[in-house]
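Here is a walk through one protein chain, written for someone who has the model open on screen. Take a look at the fold before reading on.

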Amino acid sequence: MAAAGVHFLLVPLVAQGHIIPMVDLARLLAARGARATVVTTPVNAARNRAAVDAAARAGLAVELAEIPFPGPELGLPEGMENVDMVVEREHYMLFFQSIWKMDAPLEAYVRSLPRRPDCLIADSCNPWVSAVCARHGIPRLVLHCPSAYYLLATHCLTKHGVYDRVADELEEFEVPGFPVRAVGSKATFRGFFQWSGDMERFQRDVADAEATADGLVLNTFRDVEGVFVDAYAAALGGMKAWAVGPTCAAAGLGGDDADAKAGRGKRADVDAGRVVSWLDARAPASVLYVSFGSLAHLPVKQLVELARGLEASGRAFVWAIKEAKSNPDVQAWLLSDGFEERVGERGLLVRGWAPQVTILSHPAVGGFLTHCGWNATLEAIAHGVPVLTWPNFADQFASEKLLVDVLGVGVRSGVKVPTMNLPEEAEGVQVVSADVEKAVAELMDEGPEGDARRARAKEIAAKAKAAMEEGGSSYADLTDMIGHVAELARMRKKRHEGDTSARALASAPPELGSSKSSDTMEASAALSVQS
């Protein structure tokens, strides 16, 4: 196989939503015969070790490598190594400055290796990796973690100057030069580093690093995003782009045991067996699963409105309410309100992390109320579960548009803008309990509309699975990407051997007066030209 002996280093952003697909990709590469090393910090390595260890037990050459996080040098608390650990506003800028300083420990790690890796796959939000690769002559690919829809939309808005031309954050516009009609605002089509003027240099670094990469890797598949993938690659001057996902739909990667499957990064805060037993007692497609991922936090008043809407809906639900683990106000509300007692056995509350893949793959689950993070979106798609969309920030509003307007597998909750764009008097509330009740009823509808939505979701899930199997589009794209890297490695080895031969010939003492001297000089010159 082309991948045999090829060593990939994978460097994810220190955010759970970015580490998960990078670990998945490492396992995919290892399943093809390559060696894959995920480089991250100690805290993040500990969080994700179960999935990597499971792959190693299955015989895959995948491993974790730890490098120190420079946060304490800039005044961050020891152990604050993931974006979801940043709570205080004053820590955000320091955190990203610390990320940019990870180039030094990565450089030290690369220098410690017995031989250079054949390729480094860097998260698009880790542009600082490019300098390390340049110094060591390592080919570099960029992995994008949001949808191709979002990447193309923000590119079009930048190219056509819409961000500069529109002053009002909430003024609606149509995305120019886009394959489908997409209407939004600066607030809902915001780039990752556009929420603060202080972060403009980070955005410039990201764009520069992408422009100089040897190719792009996207966690998506062509049946749902082919037009956006191709348009984005063309917009970047015809750069090579491989759609290799959804990685969560890949089978046989050594991640099917309970430890690896249940948490997909963080260990679940509830026994998966208890959740499965609860779901087993429910009718097919009757349960709504509710989760807002690792970073999105609802204001307390909005959370209460959601709870009242779920209660009024009369539907069974599993709610992963992470705020109940860390927010004193939410904990106090749960103790005093009597919500759990009123919903009784109809509702299962998980205080913290839930085994999401286990839940979404259960036949009792018929809907997913999600923040529309790209990992959650792909997991819903891969399991054929229709979604109730509740985006919070960044690419999540674009994912909502893809799910609802393009794929037809979603129902909107009514969220219009990120919470930060609401007036103070709204107290974070955009969707009241009656809106929740209505949206849940529409999503879980057992009439013709609901049946059609569920049928579309199942059809897309089948395509997602097929894309990842041999003969599928994502399988073929990954094969092509590995072959491209293997060829780069072969050429580099050939150049290295040529350089070594040329140096040996050049250093040999000439045999004056012989034809061998002339032959040696000609060979040396030829090798120098080749190298």
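## Contacts and overall make-up

Counting contacts between residues at least 6 apart in sequence, 71% join residues at least 24 apart; a contact here means heavy atoms within 4.5 Å. The chain has 531 residues, and 56% of them count as buried. Buried stands for under 20% relative accessible area, exposed for over 50%, and partly exposed for anything in between, using a 1.4 Å probe and protein chains only. As for secondary structure, there are 22 helices and 15 strands. These are DSSP runs numbered from the N terminus: H or I with at least four residues for helices, E with at least two for strands.

Keep in mind that this is a predicted model, where local features need pLDDT of at least 70, side-chain atom pairs count only at pLDDT 80 or more, and totals for chains, interfaces and linings use all residues. Residues are numbered from 1 along each chain as its sequence is written, and side-chain values use heavy atoms, with hydrogens and water left out.

Two strands pair if DSSP finds at least two bridges between them.

Asp-123 has Leu-143 of β5 as its bridge partner.

Is Gly-5 buried or exposed? Gly-5 counts as exposed because its relative accessibility is 55%. Gly-5 belongs to the segment before β1 (7–11). Leaving aside neighbours within four places in sequence, Gly-5 touches Gly-33, Arg-115 and Asp-118.

## The six-stranded sheet

Another open sheet is built from six strands, again with parallel pairing, in the order β12-β11-β10-β13-β14-β15. Its edge strands are β12 (347–350) and β15 (410–412), each with pairing on one side only. Neighbouring strands here are turned by 20° against each other on average, direction ignored. Helix α18 (residues 396–406) packs on the sheet, touching β14 (387–389) and β15, and its direction makes about 115° with that of β15.

How covered is β10 (residues 287–291), and which residues lie on each face? Five of its five residues are buried. Val-287, Tyr-289 and Ser-291 lie on one side, with Leu-288 and Val-290 on the other. β10 runs parallel to β11 (residues 316–320), joined by five bridges, and Val-287 stands opposite Ala-316 in β11. To get from β10 to β11, the chain passes through helix α12 (residues 300–313) in a right-handed β-α-β crossover. Right-handed means that, with the strands pointing away from the viewer, the path from the first strand over the helix to the second runs clockwise. β10 also pairs in the parallel sense with β13 (residues 365–370), over five bridges. There, Tyr-289 stands opposite Phe-368, and Val-290 faces Leu-369.

## Aromatic rings

The model has 13 aromatic pairs. Rings of Phe, Tyr and Trp (its six-membered ring) pair if their centres lie within 6.5 Å; planes under 30 degrees apart are stacked, over 60 edge-to-face, and the rest tilted. Phe-69 and Phe-95 make a tilted pair, 5.2 Å centre to centre with 40° between the planes. Phe-69 lies in the loop between β3 and α3 (89–100) and Phe-95 in helix α3, so the pair ties together parts that are 26 residues apart in sequence. Both of these residues, Phe-69 and Phe-95, are buried.

Phe-95 also pairs edge-to-face with Phe-96, at 6.2 Å centre to centre and 85° between the planes. Phe-69, Phe-95, Phe-96, Trp-100 and Phe-202 form one aromatic cluster.

## Arginines over rings

Arg-32 lies over the face of Tyr-475, 3.5 Å from the ring centre. Arg-282 does likewise with Trp-278, at 4.0 Å from the ring centre. The rule for a charge over a ring is that NZ of Lys or CZ of Arg is within 6 Å of the ring centre and within 35 degrees of the ring normal.

How values were computed: Axes are lines fitted to C-alpha atoms, for helices over the stretch in contact, and angles run from 0 to 180 degrees between N-to-C directions.
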